[in-house]
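Here is a short tour of a few residues and strands, written to be read with the model open beside you. Take a look at the structure first, then follow along.

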Amino acid sequence: MSFRTADVEIKTERENTDFRTTRRYLRIFGTQKNRSIEWSSFFPVNKNYDFVEPNSVPDGWDIHNFIFRFMDNNLPVRIVVTNDIRRPVLNMLASVDNYSFREDAVNDIQYSIRLTEFTLI
């Protein structure tokens, strides 16, 4: 999957901790949590919208089935997010944590998805 940064928000967190001493609080840097990313959009189903990139998958059901294949087989997906000049700002393996969908009135697939960074061991 590939998206531009204007389309999604990438979340990065750390488990930092404050602890109290006799004079002040001190901050200790914690472990970085896995990054996560989520968004909502739609997959066109056999339509020629102006904004669809040339050579894109024409049938949104193929993309939908791709996501389900990875979920059903417990496989990570690779997601690449680029900026406006197509420079990668995120390139990570991820697990699909949540995927919901529905077919809308024009037969396109409305969906929401949440991915979390997956580290190979």
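Glu-117 is in contact with Asn-34, Arg-35, Met-92, Leu-93 and Ala-94, once its neighbours within four places in sequence are set aside. Please keep in mind that this is a predicted model. Glu-117 lies in strand E8, and it counts as buried because its relative accessibility is 18%, below the 20% cut-off.

Strand E8, which covers residues 109–117, also holds Gln-110.

| Residue | Relative accessibility | Class |
|---|---|---|
| Glu-117 | 18% | buried |

Leaving out residues up to four places away in sequence, Gln-110 touches Ser-41, Phe-42, Ser-100, Phe-101, Arg-102 and Asp-104. With one of these, Asp-104, there is a polar contact between side chains, at 2.8 Å.

Now for another part of the chain. Which way do strands E3 and E4 pair? Strand E3 (residues 17–20) and strand E4 (residues 25–28) run antiparallel to each other, with four bridges between them. The link from E3 to E4 is a hairpin of four residues. To find your way around this pair, look for Arg-20, which sits opposite Tyr-25 in E4.

Terms used
Residues are numbered from 1 along each chain as its sequence is written. This is a predicted model: local features need pLDDT of at least 70, side-chain atom pairs count only at pLDDT 80 or more; totals for chains, interfaces and linings use all residues. Side-chain values use heavy atoms; hydrogens and water are left out. Helices (H or I, at least four residues) and strands (E, at least two) are DSSP runs, numbered from the N terminus. Contact means heavy atoms within 4.5 Å. A polar contact is a pair of N or O atoms within 3.5 Å; within protein, one must be able to donate a hydrogen and the other to accept it, and residues adjacent in sequence count only if both atoms are side-chain atoms. Buried means under 20% relative accessible area, exposed over 50%, partly exposed in between (1.4 Å probe, protein chains only). Two strands pair if DSSP finds at least two bridges between them.
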